[in-house]
Every structure is written in C-alpha cells, then in structure tokens.
Amino acid sequence: MKTIIRIAAACWSAFPGKKGKLGFVILVWFTVIALFGSLLAPYPKNFIGFESWLPPSFSHWLGTDSYGQDVLSQMIYGTRTSFWVGIIAGLITTVIGVTVGVVSGFKGGWVEESLMRVVDLFLIIPTLALMIILASFLPSMGIVSTILIIGCLSWLYMARSIRSQTMSERQSGYVEAARTIGMNDAEIMFREILPNIVPVILANLVLVTTQAVLAEAGLSFLGLGDPTNVSWGTILALANANNAVLFHAWWWILPPGLAIAFFCFGFILIGNGILEKYRANRGNAAL
Amino acid sequence: MRYNSVYLLKRLGFAFITLYVAITLNFLLPRLMGGDPASALASEKALGSQEVVKALKAQFGLDNPSLLYQYAKYLNQLLHGNLGVSYANYPSPVADVMVKALPWTFGTVLTATLLSYLVGWLIGIRGAWKAGSLFDNSTLFTAFFLNSVPFFWIAIIFIMIFSFYLEWFPLGQAIDPGIDSFSALDKIKSVLYHAFLPVFTLIIATLAGHILVLRNNLMRVLSEDYMLLAKAKGLSAARRKYAYGARNALLPSFTGFMTSLGHVIGGAITTEIVFSYPGVGLVTFNAILNHDYPLIQGSFLFIAVSVIVCNLIADLVYPLIDPRVALN
Amino acid sequence: MSKLLQVQNLSIEYASPRGVVKAVDNVSFSIGKGEIFGLAGESGCGKSTTAFGICRLLRPPARLAGGSVVLDGIELTELPDEQFDKLRWSKMSIVLQSAMNNLNPVLKIRSQLMDAIVAHEPDAGKEAAKRAEQLMRLVDLPADRLDSYPHELSGGMRQRVVIAMAMAMKPSLVIMDEPTTALDVVVQNGIIRKILELQEQFGFSILFITHDLPLMLEMCDRIGIMYAGRLVEIASRQEMKSGPRHPYTQGLLHSFPPLYGPKRRLEGIPGHPPDLIRPPGGCRFHPRCARAMTQCSSREPAVLADERGQVACHLYNEEGLSVEQASAARE
C-alpha cells in the first residue's frame, strides 16, 4: 500500500512545468477516446456504406475513404488499438528493461558484462528488421503478437539507462545500510533501489511507449499488423495504398499522422519534464 | 599512429560476433516462429517446378530433419553467396535482387544521414550556446514534435505538397522511365531529381535526434572547466564555440551517429514504400506482400550486414578524430 | 607596499528556486604589488566565488550585486566586456582547480598555449610558437610535450601546463583557485615551489585560494578568512601563526594538525555553515561560536582595522583588545 501511494505521488509530481502539464492533458485526451471510443464514434467499426472520397462535412467530420468508411469513426477505433499496443508493449519493455538494467547495474561483474555485451550486440542489429522477420514468419498476426514482438525487442536502450542509474544508486548510503541490516540482493534491488529510480523509469516508460506506437504504425504500414483490426498505422497504410494523395483526400492522410504525432509528443513532453525535474533535484547528468 | 592492436582486435571481434549472431538469427527465427522453413524456402506453389524445389532443398539440407545439418548447409550456402531463389522474381536469386536494390537505399540513407547530422549539429550547437533563447526553445519544441512523427507520414505529406500540389518533384520512382536514351549527365540529373524528396524526408525525420543529442552534449561541455579557462584566456566566441565546445560535443555523438544508421534504415524502409523507390525497403515490402520468404530473410541479412559494416567503419574512424580513444 | 588590487564591498548573489543566495556579502580587501594574499574558509564560504567575481567569470545565475574592484588604477566593474576580455590574462590570469578538466581534451598542449598568446597578440604568429616553448621550460616541462594531448600527461604535468598558460602574458596578478588540491603531496610540493619561484622571478601578485590553511600559512604574506560569504578576519602570516583573533579562525586552525611542535587534540568546529538564503542575523558565525554573546545574534560586528590586521567580531572593541582583556584592564 505504501509503495502504491509512493508511486502515485511520484506520478502526480511527475508532470512538472508547463510542457509536462501540456503532455498530461494530451495523454488524458487520448485515454478518454481509447476507453470510451465505441460510445463516441458516430458509426460502427469498419462500416462500409457511404459514398467513397467524401470530403469533410457535418455528417462525416473527417470525410470518407475509398472504401466508403467514415474516417472519424475509423480514427476513434484506431485510437483504441494504437493506445493499448503502445501502453502494453511499453509496459512489457519496461519490465524487461528495468529487470535487466537493475540486475546488471547492481550485480556488476560477469553478470553485468555479459548482459551488456548482449545489449550492445542487439543494439546494432536494426530493430525494425528483426520485427519484420519475426512478424512475417508468424503463422498469423494478431494484436497480441504485435504487442509481444514490439515489447520484447525494444528494451535495449532502456536497460542501458537503468543500469547506469542503478550503478550510481549502488554507491549511496541507503544501499550500504540495507546490506548491514541483512537484506538480500533481491530485496535491496527491488525494495530499496527501485523506488529511488522511479522517475528515471517513468521517463523511460514514456519514451518506450512512443517507440511502441511508432513501431506499431510502421509494422501496420508494412502490412504486418492485425488485418482485422484498425489502427492509426493501418489507416495510413490504406490511404497510401489507395493513392489518397491523388484524390486530394488530405482528410484521410492528416488525421492518423497527427494523432500519432500528438500522442507521442504528449508522452515525450511528460518524459522530458520528469527528467528535467529529476536532474534539477539530484544534479545528475548521467542519464 | 593512433591504432593499437588490442582496440583493433576488439572492434573486429565484436563486428564478427554480431555478424555471426545476425546470420544465426536469420536461420533460427523463422523456425522458432513456427514457419515451415522447407516450404518457406522452397515452396512448390511459388516456384512451380518440382526439380527446382528438390535442388534447393538439397542445397539447404532441408531433406534432412537434423537442425544442425540444416544449419551447416545454410552457412555453407551463405559462404557461396546463395540466399535461395526469390519467388516473386523467379528465377532471380535473392542475392541478385538485393544487390540491385542496395545502392539505392545506401545512397539515400548515407546522404541523408550525413546531411542530417551536419544540420542537426549546427542547430544543436546554436541552441545550446544560447540556451533558453527563442531559437533554442522553438527548435527544441520542433525536435520533440518531429521525433513523434512516423517517417512515412512525413513522406506522404511531402509528396502531397511538393510533388502533387506544387509539382516540383516526381511522385515516385528513382529514375525516369526512358532513362536508357539519356546522356550521362541527364542520367545523373534524373537520379538526383528523384532522390531529392526521399533524402529530404529522411533528413527531416532524423534531424530531431541529432539536434537533441548535440544540444545535450554541448550543454554538458559548456559547464566544463576548460570552457571557462578558454573564456578567461580571451579566446573569441567562434574559437570557443567550435574548437573548444563543438568539437568536444561532437565526439561522443559520433558512435551514436553510426548506431543511428539502423534506425534510419528502418525509417528508409517505409519511406521507400511511399516513394516507390526501388531500394531494400520496397523490395522487403513487396516480399512481405507476396509472402516471398527467402527474400524477406535475404533483406534482413543485407540490412544487418550493412549496419554492422558501417559500425565497424565508424569504430575504425573514431580513433582518428578523438585522441583519447584507442590509446589506453 | 603599493596596492595592486583593491576590492571594496564586493557582493555576489544568485537566484535559486528557494530564494536569493548571497554567496559573497560586502567583502573588502586589497593586495599589494608582489604580495601573496590567501583567501581561506570552508567549502561554500564564497572564496572561489569572490575570485570569479573579480575576474568576471561568474557562471549564471551568479551575478555581481555590487561593490568595486580596482586593478592597477582601473575600475574593473564598469569596464565593458570587450575591454575586460583584453585586460584579463594580460594583466590578470587565473589557475583553476587542479581537478581533471582544465585543458581541452581534443587539442594539443601547443595550440592551447598558443591560443592564449594569439588571442591577445593576433600578430604573434611564429613568435607565439617560440614563446610556447619558453613557457614550457619555465615550468620544467620538456618542449616536446607541446605535441601531447592533455590525457597523455600526468595530473601534475597538466597543472604545470595550466600555470605556464597563466604566465603567457606576464600578468601582474594571478588568481589561483585550489591549484594543488587534487594532487598528491609530493607533486603538490613541487608545484607550490614552482609557483613561489615564478613569483620571485616575475614579481606578480597572487590571490591564493584554498581550504588548506597550513599550506597557506607556509606561503602567503597575508591571509583573509571567509565565513558564510563574509570576510571575518585578515591578518599577516605572523599574526595568524602567533594567534588569530576571530573565534572562527581559531577553530579553523585547530581543525588541522600542526606541522611542527607537539601533537595536540584536533578540534573541529561544531555545527554546519549556515543556509545562505536565510543567514543568521548579526554575526553569521554566532550559532556555532563557543564565545557567542547576546549582541552577536542581533548586531553585525563592525570591522576593526589596526596594525594587526582586521577582524569583525564583537569580542574586540576599538582598541583591538578582547572584551575580557578590556574589562581586566579597567579593573
């Protein structure tokens, strides 16, 4: 309970400055759409019953696409996919990244050496290329496999960042104190060090979430998304494949891109705010 | 002489191991994903000829169920440059398709990376030098925004504005259809004309990262004692900014510059799709659409190898520009 | 001894999120031609900030809040930046803390030394190269070290280069901020000897800043003691050795083991330096002072200047006697 309150407090104070607050507002906006999308959308999902290429009007705020789907409705349903893929893949990434980072930073020695070698190695191989080969050889792609592929391949930078933070925490007095009262390594790592690096973890979480959203868009654009689901990436992929530009259909192109941009922008603002505040508090430039 | 043998061996060894891991992943991943490598590599439906399928299966050891045997055969074929046959481009071998596509991607990606680095460097330095100024704040804001946008969306927007509405650039492709009849000079012109917008897209899309990294680095350098001493010595602002500040800010970002190549290539894949630019990205995309599995594997291998080689080059160049590396 | 540097009521402050920090508060002292003047105190007392204020190298948000600095008859605080840049290093150079990063890691020693010369004499050209070699010889470094990068030199060698750099324009004042702190004792001795030798040879004045009081007692002609942004005492080396007057100085001296003579118990000063955003009223040292009196917390002690130096403490009345002595004399 105490940890929950502490984390909640850290989250609340994690929106420092004007930029952080702006990011928070953006995040809340998308959360509401993701949670209550089915109530907000004017038409059912994937409903094909309208005239094609209709420009924006009162009945279709964002016009219709080449299939006669209402772009606004597709956008709202797409928000749900992109949002959850981003959040869940981001969380998976964070769990792996924090575990690898804290363990290697705390243990040092051969554990750290070997884990970091592996990280260095995979940092060089382009992640998107790995994702492509994984996704294209899977018998079928669903939203779960998208999340897993993104979540399990994006933790490398994060592990590095968390590791260096853990290494500097290891020097501090409270770790020494915990050791003298007989705490074991696991307890020290996850009950003592972890709460102290929450801001750094949050800042990283925010960044990997944006990367996950961008990765999902990229995979969908390559035709490796869930074919039955709609996301911002699939909307753009369809718009590109159907030559929306040649039909002057800017209403089909701009919204998904802007949605991705603002969603990620909000997260980046939050992350940056957290880091700035943490640096100001700790005077730590080692991030 | 800046090199020492330990550094050289370490970097070469690392590149070699990375290469080996990439090659092994390329063998292992499709099998782990539950795909049937035999039908993937030598699909009768795709190749249409019983003999070809048989020959391929024998070459890659797929007639033997032992994974180790298959692995050995796979490595052996790789050494001979045999990556299998592309279904979609039958009977072209995968290696031929990739080799044809690679120069286009390399040209655009390298040009874009260098230019983007240069521009990002200048902007980042100016921002850090006048931290908190209007220029600094607006570039920071723009950089955050650009970092949030997928490459391919920027590509679509650019095509819409510059090619479709303004008609300044072609809507896609890398060369004019009638290029064979062109003079040498016109050929070059045509290539540059077509490459401009894809390169521009990649520059804009990667600019933000460079700006942020260099700004951060320079901010850190500016707080160093030698910057204070440089000011005290009476050095001109330009001398302090470039010879003392920027040079020190640049060095730590250099390795990151090459690592970012992987990221840029990832972005180039989707960008090429938008521009129908006949590079590795478009080849990969078509391979995915056609379920051309040998080609997908081949493209992964080519991308991985190119990035590893570029990183090795960066590691070898780095000691030449930073006196601190490789000596201890 | 004629005055080279005169600092009057120097105040430096910086805005922090919690309020304005008065890092240096009304500090006045002077340095004679050829004199070595030491400035000592605990870390954070404002001694380095004073030095940076004098040579206009304060890092924002620190800023000069008032006072005057006169060097060789020139009022420095009113000098425009361009003129100050010309004057600094030719009349007044600095040697920064001996920690790692005084030298640009990516430039050879040669170009860093020549930078200092060419910045002030753009036409020096070939001559500058020759002078760089002379400077190296001056600090006992072989001239071929000019082609080394900083990381190829030891800490002591690097600090010698920094000292050579400070000599480049034959300044009349050299400000040295903890020039030997991070070095080991043997190297430290060598460098101090070198500094004294150069001072003898060229006759410049030194503003020497350190928290190493015994070192200061060895080499400085006069010593100023700072506490919480204020100068609490100035006295000659002899006076300091024979018995400083301010309780803080006494405490400070007792915190170091004596170099010579019998061993004695080391006594630290209890408590911590105050928060400079809300410093204690009256004498800033009174919360930690064993001899504090009622007026110490209410009134700021006046500066008493006499033949023994100057001291700001309520224990001393106008005659320069301690209150106890004064009352004893009356009886």
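Biologist: Let me start with one residue. Leaving aside its neighbours within four places in sequence, which residues is A:Ile132 in contact with?

Modeller: In this predicted model, A:Ile132 is in contact with A:Leu222 and A:Leu224 from chain A, and with B:Thr284, B:Ile296 and B:Phe300 from chain B. A:Ile132 is also one of the residues with the most contacts inside the largest nonpolar core.

Biologist: How many residues does that largest nonpolar core have, and which of them have the most contacts inside it?

Modeller: The core has 261 residues, and besides A:Ile132 the top of the list holds A:Met131, A:Ile260, C:Ile175 and C:Leu207. Helix α12 of chain A, residues 250–282, gives the most to this core, with 16 residues.

Biologist: Which residues of α4(A) and α7(A) meet?

Modeller: From α4(A) there are A:Val119, A:Phe122 and A:Leu123, and they meet A:Leu156, A:Ala159 and A:Arg160 in α7(A). By class, the contact of α4(A) with α7(A) has five nonpolar, no polar and one charged residues.

Biologist: Now the interfaces. What should I look at?

Modeller: The size of an interface is often given as the accessible area lost when the parts come together. Here we'll go by residues in contact instead. Two pairs of chains touch, and the most contacts are between chains A and B. No contact joins chain A and chain C, whose closest C-alpha atoms lie 10 Å apart.

Biologist: How many residues does the contact take from chain B and from chain A?

Modeller: It takes 41 residues from chain B and 37 from chain A. On the side of chain B that touches chain A, α1, α7, α8, α11, α12 and α13 of chain B each supply at least two residues. The largest share of that side, eight residues, comes from α13(B). By class, the side of chain B that touches chain A has 28 nonpolar, twelve polar and one charged residues.

Biologist: How many residues does the contact take from chain B and chain C?

Modeller: That one takes 18 residues from chain B and 21 from chain C. On the side of chain B that touches chain C, α10 (225–232) and α11 of chain B each supply at least two residues, and α10(B) gives the most, with six residues. By class, this side has nine nonpolar, two polar and seven charged residues.

Biologist: So how do I read the strands of chain C?

Modeller: Strands of a sheet pair through backbone hydrogen bonds, either parallel or antiparallel. Chain C has an open sheet of four strands in the order β2-β1-β4-β5, and the pairing is antiparallel. Its edge strands are β2 (19–32) and β5 (74–75), each pairing on one side only. Ten bridges join β1 (residues 3–16) of chain C to β2(C), and C:Ile12 stands opposite C:Val24 in β2(C).

Biologist: In which sense do β6(C) and β7 of chain C pair?

Modeller: They pair in the parallel sense, over four bridges. C:Met92 stands opposite C:Leu173 in β7(C).

Biologist: What about side-chain directions along a strand?

Modeller: In a regular strand the side chains alternate between the two faces of the sheet. In β6 of chain C (residues 92–95), C:Met92 and C:Ile94 point one way, C:Ser93 and C:Val95 the other, and all are buried.

Technical notes. Residues numbered from 1 in each chain as written. Chains lettered and ligands numbered in written order. Predicted model: local features only at pLDDT ≥ 70, side-chain atom pairs only at ≥ 80, totals over all residues. Buried ≥ 20, exposed ≤ 12 C-beta atoms within 10 Å, placed from the backbone. Pairing = 2+ DSSP bridges. Contact = placed C-beta atoms within 7 Å. Nonpolar A, V, L, I, M, F, W, Y, C, P; charged D, E, K, R; others polar. Core = buried A, V, L, I, M, F, W, Y, C linked by C-beta atoms within 7 Å.
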